[in-house]
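I opened my notebook to work through this structure one feature at a time. Here is what I looked up, in order.

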Amino acid sequence: MPQSPSLPGTTDRRLAALLTLLSENATIVISGARIARETGMSRSTVWRWVQELRKLGVHVKGQRSTGYFLEKVPDVLTPDLLRKRTKGNLFGKRVFHFFKIDSTNRVAMELGYAGEPEGTVVMAETQTAGRGRSGRSWHSDEGTGLYFTVLLRPRLSPAQAPLLTMLAGISAQTAITAQTGLAPELKWPNDLLLNGKKAGGILTEMHAEPNVVRFVIVGIGINVNQETFPAELSSIATSIRKESGRMSYRLELLARLLTQFESDYNRFLREGPAFVVDRFQNVSSFAKGRRVRVDNGAETYAGTTAGLSPEGLLLVQRDGGPLVTVIAGDVTEVR
Ligand code: BTN
(Lines give C-alpha, C1' and ligand atoms only; values in the text may rest on other atoms or scores of the structure.)
Protein backbone atom coordinates (compact mmCIF):
# COMPACT_ATOMS: atom_id res chain seq x y z
CA MET A 1 0.00 0.00 0.00
CA PRO A 2 1.42 3.44 -0.84
CA GLN A 3 2.42 5.50 2.14
CA SER A 4 0.87 8.84 2.96
CA PRO A 5 2.94 11.66 1.60
CA SER A 6 4.37 14.05 4.13
CA LEU A 7 4.33 17.85 4.34
CA PRO A 8 5.06 20.11 7.30
CA GLY A 9 2.08 19.74 9.63
CA THR A 10 0.60 16.60 8.09
CA THR A 11 -0.38 13.90 10.52
CA ASP A 12 2.65 11.80 11.33
CA ARG A 13 2.64 8.50 9.46
CA ARG A 14 3.29 6.53 12.63
CA LEU A 15 0.41 8.22 14.40
CA ALA A 16 -1.88 7.45 11.47
CA ALA A 17 -0.63 3.82 11.35
CA LEU A 18 -1.28 3.40 15.08
CA LEU A 19 -4.75 4.86 14.76
CA THR A 20 -5.56 2.63 11.79
CA LEU A 21 -4.39 -0.51 13.62
CA LEU A 22 -6.41 0.34 16.73
CA SER A 23 -9.48 1.26 14.65
CA GLU A 24 -9.36 -1.97 12.68
CA ASN A 25 -9.24 -3.95 15.94
CA ALA A 26 -11.55 -1.77 18.02
CA THR A 27 -12.49 -3.14 21.47
CA ILE A 28 -9.74 -5.79 21.23
CA VAL A 29 -6.67 -5.32 23.42
CA ILE A 30 -3.54 -5.26 21.27
CA SER A 31 -0.24 -5.74 23.00
CA GLY A 32 2.37 -3.01 22.81
CA ALA A 33 4.72 -5.59 21.26
CA ARG A 34 2.31 -6.32 18.39
CA ILE A 35 1.69 -2.63 17.75
CA ALA A 36 5.44 -2.03 17.77
CA ARG A 37 5.95 -4.87 15.27
CA GLU A 38 3.18 -3.79 12.89
CA THR A 39 3.93 -0.07 12.91
CA GLY A 40 7.72 -0.35 12.96
CA MET A 41 8.09 1.65 16.21
CA SER A 42 9.73 0.78 19.51
CA ARG A 43 7.41 -0.02 22.44
CA SER A 44 8.29 3.20 24.20
CA THR A 45 7.51 5.17 21.03
CA VAL A 46 4.14 3.39 20.85
CA TRP A 47 3.47 4.56 24.39
CA ARG A 48 4.41 8.15 23.47
CA TRP A 49 2.10 8.13 20.44
CA VAL A 50 -0.75 6.73 22.53
CA GLN A 51 -0.37 9.81 24.75
CA GLU A 52 -0.48 11.98 21.60
CA LEU A 53 -3.69 10.32 20.43
CA ARG A 54 -5.26 10.87 23.85
CA LYS A 55 -4.34 14.55 23.65
CA LEU A 56 -6.12 14.68 20.29
CA GLY A 57 -9.28 13.38 21.95
CA VAL A 58 -9.09 9.74 20.79
CA HIS A 59 -10.19 7.48 23.67
CA VAL A 60 -7.38 4.92 23.83
CA LYS A 61 -7.84 2.63 26.82
CA GLY A 62 -5.31 0.26 28.40
CA GLN A 63 -1.74 0.63 29.51
CA ARG A 64 1.83 -0.25 28.71
CA SER A 65 1.83 -3.59 30.54
CA THR A 66 -1.41 -5.01 29.08
CA GLY A 67 -1.74 -3.35 25.71
CA TYR A 68 -4.15 -0.84 24.22
CA PHE A 69 -7.62 -0.74 22.69
CA LEU A 70 -10.26 1.68 21.51
CA GLU A 71 -13.66 1.62 23.16
CA LYS A 72 -15.26 2.58 19.88
CA VAL A 73 -13.94 3.39 16.43
CA PRO A 74 -13.17 7.11 16.36
CA ASP A 75 -14.43 9.01 13.35
CA VAL A 76 -10.96 10.14 12.33
CA LEU A 77 -10.19 10.41 8.64
CA THR A 78 -6.94 8.47 8.49
CA PRO A 79 -5.44 8.26 5.01
CA ASP A 80 -5.01 4.47 5.28
CA LEU A 81 -8.66 3.88 6.10
CA LEU A 82 -9.76 6.19 3.31
CA ARG A 83 -7.44 4.46 0.86
CA LYS A 84 -8.93 1.08 1.73
CA ARG A 85 -12.39 2.36 0.90
CA THR A 86 -11.37 4.04 -2.34
CA LYS A 87 -9.11 1.31 -3.72
CA GLY A 88 -8.24 1.83 -7.36
CA ASN A 89 -10.03 5.19 -7.23
CA LEU A 90 -8.39 8.30 -8.64
CA PHE A 91 -8.85 9.95 -5.25
CA GLY A 92 -7.35 7.28 -3.03
CA LYS A 93 -3.73 7.40 -4.07
CA ARG A 94 -2.24 10.59 -2.64
CA VAL A 95 -3.89 11.67 0.58
CA PHE A 96 -2.64 14.42 2.90
CA HIS A 97 -4.26 14.48 6.34
CA PHE A 98 -4.00 17.28 8.90
CA PHE A 99 -5.47 17.40 12.36
CA LYS A 100 -5.34 21.20 12.09
CA ILE A 101 -4.56 23.43 9.10
CA ASP A 102 -5.47 26.94 8.00
CA SER A 103 -7.22 25.86 4.78
CA THR A 104 -7.14 22.65 2.73
CA ASN A 105 -7.64 24.81 -0.38
CA ARG A 106 -4.51 26.78 0.46
CA VAL A 107 -2.48 23.57 0.81
CA ALA A 108 -3.95 22.00 -2.34
CA MET A 109 -3.12 25.15 -4.31
CA GLU A 110 0.51 24.89 -3.22
CA LEU A 111 0.58 21.21 -4.07
CA GLY A 112 -0.82 22.05 -7.49
CA TYR A 113 2.02 24.47 -8.17
CA ALA A 114 4.48 21.88 -6.84
CA GLY A 115 3.34 19.38 -9.50
CA GLU A 116 1.32 16.93 -7.35
CA PRO A 117 -0.71 14.60 -9.59
CA GLU A 118 -4.39 14.72 -10.41
CA GLY A 119 -6.47 13.04 -7.73
CA THR A 120 -4.49 14.26 -4.73
CA VAL A 121 -6.75 14.80 -1.70
CA VAL A 122 -6.05 17.16 1.20
CA MET A 123 -8.27 16.73 4.25
CA ALA A 124 -8.38 18.16 7.75
CA GLU A 125 -10.16 17.57 11.03
CA THR A 126 -10.36 21.32 11.56
CA GLN A 127 -9.43 24.48 9.65
CA THR A 128 -8.40 27.72 11.31
CA ALA A 129 -8.97 29.85 8.19
CA GLY A 130 -11.39 27.83 6.05
CA ARG A 131 -12.24 29.79 2.92
CA GLY A 132 -15.74 30.33 1.64
CA ARG A 133 -17.10 31.99 -1.47
CA SER A 134 -16.84 35.77 -1.99
CA GLY A 135 -14.08 36.14 0.61
CA ARG A 136 -16.23 34.68 3.40
CA SER A 137 -14.84 32.21 5.93
CA TRP A 138 -15.96 28.61 6.41
CA HIS A 139 -16.71 27.53 9.96
CA SER A 140 -14.74 24.29 10.49
CA ASP A 141 -15.47 22.75 13.90
CA GLU A 142 -13.02 20.05 14.90
CA GLY A 143 -13.92 16.48 13.97
CA THR A 144 -17.56 17.18 13.15
CA GLY A 145 -17.58 18.19 9.49
CA LEU A 146 -15.86 17.15 6.30
CA TYR A 147 -13.27 19.65 5.06
CA PHE A 148 -11.32 18.49 2.06
CA THR A 149 -9.96 19.56 -1.32
CA VAL A 150 -9.21 17.55 -4.46
CA LEU A 151 -6.67 18.48 -7.08
CA LEU A 152 -7.61 18.03 -10.75
CA ARG A 153 -5.71 18.55 -13.97
CA PRO A 154 -8.49 18.43 -16.58
CA ARG A 155 -8.10 19.48 -20.19
CA LEU A 156 -10.65 22.25 -20.03
CA SER A 157 -10.83 25.90 -20.93
CA PRO A 158 -10.87 28.26 -17.93
CA ALA A 159 -14.50 29.13 -18.70
CA GLN A 160 -15.51 25.49 -18.18
CA ALA A 161 -13.83 25.09 -14.80
CA PRO A 162 -16.82 26.42 -12.79
CA LEU A 163 -18.78 23.41 -14.05
CA LEU A 164 -16.62 21.36 -11.67
CA THR A 165 -18.23 23.20 -8.74
CA MET A 166 -21.65 22.16 -9.96
CA LEU A 167 -20.44 18.63 -10.64
CA ALA A 168 -19.06 18.30 -7.11
CA GLY A 169 -22.40 19.52 -5.78
CA ILE A 170 -24.23 16.82 -7.73
CA SER A 171 -21.84 14.12 -6.46
CA ALA A 172 -22.15 15.36 -2.87
CA GLN A 173 -25.93 15.39 -3.11
CA THR A 174 -25.95 11.79 -4.42
CA ALA A 175 -23.57 10.60 -1.69
CA ILE A 176 -25.49 12.30 1.13
CA THR A 177 -28.78 10.83 -0.07
CA ALA A 178 -27.29 7.33 -0.41
CA GLN A 179 -25.85 7.42 3.09
CA THR A 180 -28.54 9.25 5.05
CA GLY A 181 -31.76 9.21 3.03
CA LEU A 182 -31.84 13.02 3.20
CA ALA A 183 -32.33 14.92 -0.06
CA PRO A 184 -30.25 18.09 -0.02
CA GLU A 185 -31.29 20.89 -2.33
CA LEU A 186 -28.65 22.17 -4.75
CA LYS A 187 -28.62 25.93 -5.03
CA TRP A 188 -26.67 27.30 -7.99
CA PRO A 189 -23.75 27.36 -8.11
CA ASN A 190 -22.30 25.88 -4.94
CA ASP A 191 -24.67 25.45 -2.03
CA LEU A 192 -26.07 22.29 -0.48
CA LEU A 193 -29.16 23.10 1.56
CA LEU A 194 -31.19 21.04 4.01
CA ASN A 195 -34.53 22.53 5.01
CA GLY A 196 -33.47 25.80 3.41
CA LYS A 197 -30.31 26.09 5.54
CA LYS A 198 -26.74 25.67 4.39
CA ALA A 199 -25.30 22.20 5.01
CA GLY A 200 -22.42 22.32 2.55
CA GLY A 201 -20.51 24.49 0.13
CA ILE A 202 -17.93 24.19 -2.60
CA LEU A 203 -15.09 26.54 -3.45
CA THR A 204 -13.27 25.96 -6.72
CA GLU A 205 -10.03 27.78 -7.46
CA MET A 206 -7.71 27.38 -10.42
CA HIS A 207 -4.42 28.20 -12.00
CA ALA A 208 -4.86 28.79 -15.72
CA GLU A 209 -3.24 30.24 -18.83
CA PRO A 210 -5.51 32.34 -21.07
CA ASN A 211 -6.82 29.28 -22.95
CA VAL A 212 -6.01 26.30 -20.83
CA VAL A 213 -6.41 25.18 -17.25
CA ARG A 214 -3.19 24.09 -15.53
CA PHE A 215 -4.95 22.76 -12.47
CA VAL A 216 -8.15 23.18 -10.54
CA ILE A 217 -8.76 22.59 -6.86
CA VAL A 218 -12.24 21.77 -5.65
CA GLY A 219 -12.72 22.40 -1.92
CA ILE A 220 -15.76 20.85 -0.27
CA GLY A 221 -17.11 21.55 3.18
CA ILE A 222 -20.03 19.52 4.59
CA ASN A 223 -21.66 19.99 7.97
CA VAL A 224 -22.01 16.40 9.12
CA ASN A 225 -22.21 15.92 12.89
CA GLN A 226 -22.43 19.47 14.25
CA GLU A 227 -25.06 19.80 16.97
CA THR A 228 -24.75 23.56 17.32
CA PHE A 229 -23.36 26.51 15.38
CA PRO A 230 -22.08 29.90 16.52
CA ALA A 231 -24.89 32.40 17.11
CA GLU A 232 -24.25 34.28 13.85
CA LEU A 233 -24.70 31.07 11.82
CA SER A 234 -27.43 29.29 13.72
CA SER A 235 -30.32 30.69 11.64
CA ILE A 236 -28.64 29.97 8.28
CA ALA A 237 -26.59 26.79 8.83
CA THR A 238 -27.52 23.21 9.59
CA SER A 239 -25.93 19.76 9.59
CA ILE A 240 -26.82 16.27 8.49
CA ARG A 241 -27.06 15.29 12.15
CA LYS A 242 -29.45 18.12 13.00
CA GLU A 243 -31.72 17.22 10.10
CA SER A 244 -31.60 13.42 10.39
CA GLY A 245 -31.26 13.13 14.16
CA ARG A 246 -28.40 10.68 13.64
CA MET A 247 -24.60 10.74 13.64
CA SER A 248 -23.00 9.87 10.29
CA TYR A 249 -19.66 8.19 9.84
CA ARG A 250 -17.65 10.91 8.06
CA LEU A 251 -15.10 8.55 6.56
CA GLU A 252 -17.85 6.54 4.87
CA LEU A 253 -19.47 9.68 3.50
CA LEU A 254 -16.14 10.96 2.22
CA ALA A 255 -15.37 7.63 0.50
CA ARG A 256 -18.83 7.55 -1.12
CA LEU A 257 -18.51 11.14 -2.26
CA LEU A 258 -15.06 10.64 -3.79
CA THR A 259 -16.15 7.44 -5.57
CA GLN A 260 -19.22 9.19 -6.95
CA PHE A 261 -17.20 12.26 -7.94
CA GLU A 262 -14.70 10.15 -9.87
CA SER A 263 -17.44 8.57 -11.92
CA ASP A 264 -19.24 11.91 -12.52
CA TYR A 265 -15.93 13.60 -13.39
CA ASN A 266 -15.09 10.94 -15.99
CA ARG A 267 -18.51 11.31 -17.58
CA PHE A 268 -18.08 15.08 -17.73
CA LEU A 269 -14.71 14.68 -19.48
CA ARG A 270 -16.23 12.17 -21.93
CA GLU A 271 -19.58 13.82 -22.61
CA GLY A 272 -18.80 17.50 -22.12
CA PRO A 273 -20.62 20.36 -20.34
CA ALA A 274 -24.11 19.19 -21.34
CA PHE A 275 -23.77 16.26 -18.91
CA VAL A 276 -23.28 18.63 -15.97
CA VAL A 277 -25.79 21.24 -17.07
CA ASP A 278 -28.57 18.70 -17.76
CA ARG A 279 -27.96 16.78 -14.55
CA PHE A 280 -27.88 19.95 -12.48
CA GLN A 281 -31.17 21.14 -13.92
CA ASN A 282 -32.72 17.74 -13.23
CA VAL A 283 -31.62 17.54 -9.61
CA SER A 284 -31.87 21.20 -8.57
CA SER A 285 -35.42 22.43 -8.10
CA PHE A 286 -33.86 25.85 -7.53
CA ALA A 287 -32.74 26.16 -11.14
CA LYS A 288 -36.20 26.90 -12.53
CA GLY A 289 -39.19 28.85 -11.31
CA ARG A 290 -37.82 30.21 -8.03
CA ARG A 291 -38.27 33.81 -6.99
CA VAL A 292 -34.82 35.29 -6.37
CA ARG A 293 -32.94 38.47 -5.69
CA VAL A 294 -29.63 38.84 -7.51
CA ASP A 295 -26.84 41.07 -6.28
CA ASN A 296 -24.13 41.29 -8.92
CA GLY A 297 -22.04 43.90 -7.16
CA ALA A 298 -23.22 46.73 -9.42
CA GLU A 299 -26.97 46.38 -8.81
CA THR A 300 -29.63 44.27 -7.13
CA TYR A 301 -32.71 43.04 -8.98
CA ALA A 302 -35.59 40.61 -8.53
CA GLY A 303 -36.67 37.88 -10.91
CA THR A 304 -37.44 34.20 -11.41
CA THR A 305 -34.87 31.47 -12.18
CA ALA A 306 -35.24 30.21 -15.74
CA GLY A 307 -32.80 27.30 -16.09
CA LEU A 308 -29.13 27.24 -17.02
CA SER A 309 -27.30 28.38 -20.14
CA PRO A 310 -25.33 25.71 -22.10
CA GLU A 311 -22.23 26.98 -20.24
CA GLY A 312 -23.84 26.37 -16.84
CA LEU A 313 -24.66 29.98 -15.98
CA LEU A 314 -27.94 30.76 -14.24
CA LEU A 315 -30.66 32.43 -16.31
CA VAL A 316 -32.99 34.81 -14.53
CA GLN A 317 -36.12 36.38 -15.96
CA ARG A 318 -35.98 39.88 -14.51
CA ASP A 319 -39.27 41.29 -13.23
CA GLY A 320 -40.58 43.52 -16.03
CA GLY A 321 -37.28 43.15 -17.90
CA PRO A 322 -35.18 40.84 -20.07
CA LEU A 323 -33.84 37.35 -19.53
CA VAL A 324 -30.36 37.81 -18.04
CA THR A 325 -27.40 35.52 -17.52
CA VAL A 326 -25.90 35.62 -14.03
CA ILE A 327 -22.14 35.42 -14.35
CA ALA A 328 -21.20 36.18 -10.78
CA GLY A 329 -22.83 37.46 -7.64
CA ASP A 330 -25.13 36.39 -4.87
CA VAL A 331 -28.48 34.83 -5.67
CA THR A 332 -30.88 34.70 -2.74
CA GLU A 333 -34.24 33.04 -2.74
CA VAL A 334 -37.15 35.31 -1.90
CA ARG A 335 -39.93 33.43 -0.12
C1 BTN B 1 -18.94 28.36 0.27
O2 BTN B 1 -18.77 29.54 0.59
O3 BTN B 1 -20.07 27.88 0.23
C4 BTN B 1 -17.76 27.47 -0.05
C5 BTN B 1 -17.23 26.79 1.16
C6 BTN B 1 -16.08 25.85 0.90
C7 BTN B 1 -15.47 25.31 2.17
C8 BTN B 1 -14.45 24.25 1.92
S9 BTN B 1 -13.96 23.43 3.42
C10 BTN B 1 -12.67 22.63 2.58
C11 BTN B 1 -12.08 23.62 1.60
N12 BTN B 1 -11.02 24.40 2.21
C13 BTN B 1 -11.36 25.69 2.33
O14 BTN B 1 -10.64 26.57 2.84
N15 BTN B 1 -12.59 25.90 1.82
C16 BTN B 1 -13.15 24.67 1.27
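This is a predicted model: local features need pLDDT of at least 70, side-chain atom pairs count only at pLDDT 80 or more; totals for chains, interfaces and linings use all residues.

**Entry 1**

I started with strand β11, residues 300-308, and strand β12, residues 314-318. They run antiparallel, and four bridges join them. I checked what faces Gly-303 and found Arg-318 of β12 opposite. Then I looked at the turn. This hairpin has five residues between the strands. Gly-312 takes a positive phi there, near 95°.

**Entry 2: on to β13**

I followed β12 to its other partner, strand β13, residues 323-326. This pair is antiparallel and has four bridges. Leu-314 stands opposite Val-326 in β13. β12 and β13 also form a hairpin, with four residues between them. I looked up the turn and found Gly-320 with a positive phi of about 65°.

**Entry 3: two backbone spots**

Which bond joins Trp-188 and Pro-189, cis or trans? I read off omega at about -5°, and the peptide bond is cis. Pro-189 lies in the loop between β6 (185-187) and β7 (191-194).

Next I checked Thr-27. Its phi is positive, about 70°, although Thr-27 is not a glycine. I placed Thr-27 in the loop between α1 (13-24) and α2 (32-39).

**Entry 4: where the ligand is**

I moved to the ligand and found it in the largest pocket. How many residues surround the ligand? I noted 21, and the closest are Ser-103, Thr-104, Arg-131, Arg-133 and Lys-198.

I sorted the shell by residue type. Six residues are nonpolar, eleven are polar and four are charged.

Then I asked which elements supply the shell. α5 (104-113), β5 (146-152), β8 (197-208) and β9 (213-222) each supply at least two residues. β8 gives the most, with four residues.

**Entry 5: contacts of the ligand**

I looked up distances to oxygen atoms of the ligand. For Arg-131, a polar backbone atom is 2.7 Å from a ligand oxygen. For Asn-190, an N or O atom of the side chain is 3.2 Å from a ligand oxygen. For Lys-198, a polar side-chain atom lies 2.6 Å from a ligand oxygen. I used the cut-off for a polar contact, a pair of N or O atoms within 3.5 Å.

Last, I asked how much of the ligand the protein buries. Taken alone, the ligand exposes 420 Å². The protein buries 98% of that.

Definitions and conventions
Residues are numbered from 1 along each chain as its sequence is written. Side-chain values use heavy atoms; hydrogens and water are left out. A residue is near a molecule or strand if one of its heavy atoms lies within 4 Å of it. A polar contact is a pair of N or O atoms within 3.5 Å; within protein, one must be able to donate a hydrogen and the other to accept it, and residues adjacent in sequence count only if both atoms are side-chain atoms. Accessible areas come from the Shrake-Rupley method with a 1.4 Å probe; for residues, only the protein chains shown count as cover. On a 1 Å grid over the protein atoms alone, a cavity is a set of points where a 1.4 Å probe fits but cannot get out, and a pocket is an open set with protein on both sides within 12 Å along at least five of seven lines; lining residues have an atom within 4 Å of a point. A molecule sits in a cavity or pocket if more than half of its atoms lie within 2 Å of its grid points. Ala, Val, Leu, Ile, Met, Phe, Trp, Tyr, Cys and Pro count as nonpolar, Asp, Glu, Lys and Arg as charged, and the others, Gly among them, as polar. Two strands pair if DSSP finds at least two bridges between them.
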